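Biologist: I have a structure open and want to learn how to read it. Where do we start?

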Amino acid sequence: MNSSTVTQVNESSLPTVIVNLYQRFGEASFVRQHTAEGMPTLWVGREKIMGVLKYLRDEHRPRYEMLLDVTAVDERTRIHREGQPAADFTVVYHPTSFSGNCDIRLKVALQMDDLHMPTAIGLWPSANWQEREIWDLFGIVFNGHPNLTRILCPPTWKGHPLRKDHPARATEMEPFTMSDEIQDREQEALRFNPEEWGLKRRSETSEFMFLNFGPNHPAAHGVIRFALQLDGEYVLDVVPDVGYHHRGAEKMAERQTWHTFIPYTDRIDYLGGVMNNLPYVLAVEKMAGIKVPQRVETIRVMLAEFFRICSHLLFFGTWAVDLGQLSPLFYAFVDREKAFNIIESICGARMHPGWFRIGGVAQDLPNGWDKLIREFVDYFPKRLAEYETLVMANSVIKERARGVGSMNTQDAFDWAMTGPALRATGLEWDYRKNRPYSGYENFEFEVPIAVNGDCYDRAAVRVEEMRQSCRIIKQCLNNMPSGPYKADHPLTTPPVKEKTKQDIETLINHFLSVSWGPVMDPTEVTQTIEATKGMNMYYLINDGGIGSYRTRIRTPSFIHIQAIPFLSRGLMLADFTTVVATTDFVMADVDR
Amino acid sequence: MSWELVKPEDSFSTSPGMNQFDDYIRRNVVMTTLEDMLAWSRKHSVWPFNFGLSCCYVEAATAISSRHDIARFGAEVFRATPRQADMIIIAGTVFRKMAPVVQRLYEQMMDPKYVICMGSCANSGGMYDIYSVVQGVDKFLPVDVYVSGCPPRPEALLQGLNLLQDQIGKTRRPVSWVINDQGVYEREKVPVQRLKRRAERIAATELRSPDEV
């Protein structure tokens, strides 16, 4: 097996996209920055950024079809910014190309006295929420944005939490109290006002009803609120309201060390367990230059795929409940328990093991692990076949889900939909296949796709993905490499214990390594994976400290929720729950 | 009020030391007071509110579903509206933006109502000492049972439920046609399990090795 290699920055030859941009806009328009993962990174002036993005989307070959991420950085307390333009804040755009299988990172420097940017909604509608998020968390204004309101913090919040001068801890702030006045004020602030969203209260023939679907609703799949504009039973428009699950994970990353942030990643997509550890530890390993042993890669893949099965099973069961079938949920939970038993016997915990480490995993596989997994891989495909008969072949389910909430591939690009939702539109794109990481290139598996991009297809793709995950697990089982479970590298955290007991020098190194964790040269790095729900990306900026200066967690769920209004306009209210279920979001993955 | 379960096939064999008639009466007639009967019924029919906040709710849902089956304890009637529920499980992190909503939902429940606080976040904020998280739901709600864990296993939630049920079973409600506050709403505190089980726990000398499945 080959290991994934860290891409080396080649100084002599420029990436094609940079050559093209230099030709089109002039080399003087850009400042190039080198990063650890070698992704083309350019600083652009604010007045030119929209032109550059438009060129990349429409004229450049290959086209950059999707705006994967937009985020910002508070640069005011940086120490190492050698060679970068002066900036108090930076806005970072991350367009991605599916046809060319490449990415580019564009940065715009802003000064404190002029925190304004043009909006990118005209190019990609998916930029809407990310720009609102940046305004909420950093206080950068996007000119031309239709609803630049708070999205993650409560509407009454003062300040912008991801600024470096905003307190991080709840215990640094005034203690939380809830008097009647505060409760009334906060409740009043949450009242939905249709006019703010440009929604009419009546048509010529009927008066519309506004329905709060959430923030606590049995079919809402978490603490989210949809304000529905209804004409009788028909959904005219939807305004999703998120932020009820904002746990400040990105702020948390700024005060944890590289090592101690790992458990927080588990809780981002809380159905994804250790799969969330994967992009984070891979990103840190890129920075540290650690190449992990093949056994580590294979163990990681195996557990990540177990969590994909667990997550998809939960989706499958709850989706069937939303369509009126109760029993599939109980079957799905039986199988989840079987998978959790295995996960627990390997990692010691069920949902949030936090078991991957920088440069390895926490411990070796226990004796007898293979027997448990062999039982599972023999048992599970038969169960999946039963589920397909029970749910997917059920005529009521077909009737309820086919042709409901359809989107095509271009819509998916516009709304930055990734994962099963993108594949359901017919695009055969899987990060594990197209840009293998952690040794996925060594496994045989299919990338399931569908044609219509409707609710039924999104579910069908996930069912087939479970089968493929089971196939990958079987290959891990049959070909588990022997060898160490940690890389022999000085930055592996925690370091191998046996090496501490030689002399005082090794003991001191061990002590530093355990208390601080790795200390690496300032740089930045991204790592994307095919997570349970779509593309999950960690963008880490290292300023030379013992932890991250800025951690950006690009989660699929946050972006996907934005597309729900697009998918549900004109549907019946009962179909709306199908759209919500097949979007398959987890609120912790939305609000982080 | 004492009672026991017997297997159907045993129903015609006489208990040791009893004649057949007395035994038949014992198995078919319950002598109790109305107050005791009421307490017993309430203990075994706690209706939970279908409410969840984050990760812990997935483990709570696991406790409801097939393997763990909360119906064994008479608490499976999950209500989608707080007005029909006796008990709310605060399963997950209590967020600043969500707190007024939680408060309102709690207020909408009918008395007597109970709160099980599930998981570290709801207990104390847990690992999230961060600007957007309330450091424990007891900052604004009265909590009857704290269940520890991140997230707690489904079995832990079921144990929490049992502790709450024991407490409910000990409480006597007024039995009267007069509908008013009759001053009998004192509830007993659930004993702290950490103190109760301490001796037993520190006596453990052999722990299971993580090297075996």
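**A buried helix, its sheet and an interface**

Modeller: Start with helix H7(A): twelve of its twelve residues are buried, so the helix is largely enclosed by the rest of the structure. Buried means that 20 or more other C-beta atoms lie within 10 Å of a residue's own; exposed means 12 or fewer, partly exposed is in between, and C-beta atoms are placed from the backbone. Before going on, note that this is a predicted model: local features need pLDDT of at least 70, side-chain atom pairs count only at pLDDT 80 or more, and totals for chains, interfaces and linings use all residues. Residues are numbered from 1 along each chain as its sequence is written, while chains are lettered from A and ligands numbered from 1 in the order in which they are written.

Biologist: What counts as a helix or a strand, and how many of each does chain A have?

Modeller: Both are DSSP runs numbered from the N terminus: helices are H or I with at least four residues, strands are E with at least two. Chain A has 20 helices and 16 strands. Its radius of gyration is 24 Å, close to the 25 Å that the globule rule gives for 592 residues, so chain A is as compact as a globular protein of that length. That radius is taken over C-alpha atoms, and the rule is 2.2 Å times the number of residues to the power 0.38. Of the 592 residues, 51% count as buried.

Biologist: How do I check the length of H7(A)?

Modeller: Take 1.5 Å times one less than the number of residues; that is the expected span. H7(A) covers residues 277–288 and reaches 16 Å from its first C-alpha to its last, close to the 16 Å expected. Next comes Gly289(A), with a positive phi near 75°.

Biologist: Which elements do the buried residues of H7(A) pack against?

Modeller: Contact means that two C-beta atoms, placed from the backbone, lie within 7 Å. The partners are helices H6 (262–266) and H8 (294–322) and strands E12 (356–357), E14 (523–530) and E15 (535–542) of chain A. Among the buried residues of H7(A) are Tyr280(A), Glu285(A) and Lys286(A).

Biologist: What is the strand order in the sheet with E14 and E15?

Modeller: Strands pair if DSSP finds at least two bridges between them. Here the order is E14-E15-E16 in chain A, an open sheet of three strands with antiparallel pairing. E14 and E16 (550–554) stand at the edges with a single partner strand each, so one side of each is left without a neighbour in the sheet. Five bridges join E15(A) to E16(A). Met537(A) stands opposite Arg554(A) in E16(A). H7(A) packs on this sheet, and its direction makes about 145° with that of E14(A). For such angles, axes are lines fitted to C-alpha atoms, for helices over the stretch in contact, and values run from 0 to 180 degrees between N-to-C directions.

Biologist: How many residues does each chain give to the contact between A and B?

Modeller: Chain A gives 48 residues and chain B gives 42. On the side of chain A, the largest share, six residues, comes from H9(A). By class, that side has 27 nonpolar, 14 polar and seven charged residues. Nonpolar covers Ala, Val, Leu, Ile, Met, Phe, Trp, Tyr, Cys and Pro; charged covers Asp, Glu, Lys and Arg; the others, Gly among them, are polar.
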